[in-house]
Amino acid sequence: MGIEKILIANRGEIALRIHRAAHEMGIKTVAVHSTADADAMHVRLADEAICIGPPAAKDSYLNIPAIISAAEISHADAIHPGYGFLSENQQFAEIVESHDIAWIGPKPEHIGTMGDKVEAKRTAGALGLPLVPGSDGAIEDVEEAKKIASDIGYPVIIKAASGGGGRGMKVVESEEELETQMKQAGTEAKAAFGDATVYLEKYLGNPRHIEFQVFGDGNGAAVHLGERDCSLQRRHQKVLEEAPSPVLSTEERNRMGDVCAKAMADMSYRGAGTIEFLWEDGEFYFIEMNTRLQVEHPVTEMITGIDLVREQIRVAEGKPLSVTQDDISFDGHAVECRINAEDAKTFMPSPGTVSWYHPPGGLYVRVDSGLYHGYKVPPHYDSMIAKLIVYGHSREGCLMRLRRALDEFVIEGMKTTIPLHQALLDDPDFQNGDYTIKWLEEWLDKDAE
Ligand code: ADP
């Protein structure tokens, strides 16, 4: 079945990203937007645009009936959810499919399985992925928790089964704290996610965050597209990502990548997915799987030459993957900087009107952004306004080009995190690839002193 018109159930740079892949394939696009986004670039570029509600995301980008109506009115035969919003909502995926609209995403049941972290961990373990040692599923009984914690050793981390976005986690240093922290974690999880289920695992002291991009055709064929190192985080939010990871050898990449691809083949996974691991002392520990396209997918595209959105659309059309594992090679190095409309030191949001805009250009420089001169950044959504992705044949060359590109980037009318990225590039630890998930926050604290 060939898709002729895709409704893009998202906004900002990712809506543009999907629009571009669709147009290159000769597919028409329908933008949906809130009243706050009437002038957004994704609305301007799409073939059709439909307003689906007021600014608040819950009334627009999360408004399932409005989005389905928009698809029906515009005769869209497929929906791409992007990332965030409804992208990992099993019910939405089911509703889309029940309306005979192609869902450009994984099978709804797989979204459900991986969305519950306890279920996800159990599934990952059964598929042969290495896990962080911890409770075998949800944990309710304090005595049982104490026993597991003393077996694996403190510190441990209590996590909410329905948690996400870096929230709903508590580090417990000793047995004395366990009971109160466990109760509190349950109460907080119930309030934040409507589900009090928690589980327990070993807290790794100083790991890196390394994730594998996987892709399946839904019929038992699957590949991996290597890893991304996303260790540079602030409050569990990724700030800068790179591929390949500065610490993995070719052997480690191939070994772990093959384990991931085989797991996806075994579950007949469909579409794009990311398997996230913590990595410490040469060992991988599964933490979760994201059943969608990731913000940082372009670094993978840069080093493999594969258009992941095109691949997603093809698979949703029922076509096989356009590549086999043997066709995929990793060439050079790519870094992505997430540029937010925030103060680069205090991280206070700074939405405003773009009074001057000049994106960098030149060889191997990619900017994914909905910004334009005169555009008013609405205060209602995520503060990320642009992604700068730069490629180089070596990591060193990539970083030199990135420095040049950041220096060229002009966004006036609001504060941005460009100065943060420039300062990062000056740091010898970063230059050497010598960092873990704790590094950035410590570096920021040092700088603040
Ligand atoms: P979320 O879905 O909320 O993003 P994750 O399970 O992916 O939750 O964890 C987010 C981040 O929290 C990780 O990137 C890591 O920084 C930290 N983290 C999670 N589990 C552990 C652990 N067992 N030990 C140490 N840090 C952890």
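Start at the ligand: the shell of residues around it divides into eight nonpolar, six polar and seven charged. Here Ala, Val, Leu, Ile, Met, Phe, Trp, Tyr, Cys and Pro count as nonpolar, Asp, Glu, Lys and Arg as charged, and the others, Gly among them, as polar. You are looking at a predicted model, where local features need pLDDT of at least 70, side-chain atom pairs count only at pLDDT 80 or more, and totals for chains, interfaces and linings use all residues. Residues are numbered from 1 along each chain as its sequence is written, and side-chain values use heavy atoms, with hydrogens and water left out.

**Stop 1: the ligand**

Select Lys117, Lys159, Gly166, Lys202 and Glu288. Of the 21 residues around the ligand, these come nearest. A residue is near if one of its heavy atoms lies within 4 Å of the molecule or strand in question.

Now look for polar contacts (pairs of N or O atoms within 3.5 Å; within protein, one must be able to donate a hydrogen and the other to accept it, and residues adjacent in sequence count only if both atoms are side-chain atoms). Pick the side chain of Lys117: one of its N or O atoms is 2.9 Å from an oxygen atom of the ligand. Move to Lys159, where a polar side-chain atom lies 2.9 Å from a ligand nitrogen atom. Leu204 uses its backbone instead: an N or O atom there lies 2.9 Å from a nitrogen atom of the ligand.

How much of the ligand's accessible area does the protein cover? It covers 95% of the 560 Å² that the ligand has on its own. These areas come from the Shrake-Rupley method with a 1.4 Å probe; for residues, only the protein chains shown count as cover.

Next, colour strands S6 (156–160), S8 (198–202), S12 (270–280) and S13 (283–290). Each gives two or more residues to the shell around the ligand. Helices (H or I, at least four residues) and strands (E, at least two) are DSSP runs, numbered from the N terminus. Domain 2 (133–202) and domain 3 (208–448) each supply at least three shell residues. The domain bounds come from an automatic or database domain assignment.

**Stop 2: helix H10**

Select residues 297–304. Seven of the eight residues of helix H10 are buried, so the helix is largely enclosed by the rest of the structure. Buried means under 20% relative accessible area, exposed over 50%, and partly exposed in between (1.4 Å probe, protein chains only). The buried ones are His297, Pro298, Val299, Thr300, Glu301, Ile303 and Thr304. Step just past H10 to Gly305, which takes a positive phi of about 75°.

**Stop 3: backbone exceptions**

Most residues other than glycine have a negative phi, and most peptide bonds are trans. Zoom in on Tyr154 and Pro155: their peptide bond is cis, with omega near -5°. Pro155 sits in the loop between helix H7 (142–152) and S6. The bond from Ala243 to Pro244 is also cis, with omega near -5°. Find Pro244 in the loop between strand S11 (237–243) and helix H9 (250–266).

Is Asp100 buried or exposed? Asp100 is exposed, with a relative accessible area of 71%. Its phi is positive, about 60°, although Asp100 is not a glycine.

Tyr364 has a positive phi of about 60° too. Look for Tyr364 in the loop between strands S15 (356–358) and S16 (365–369).
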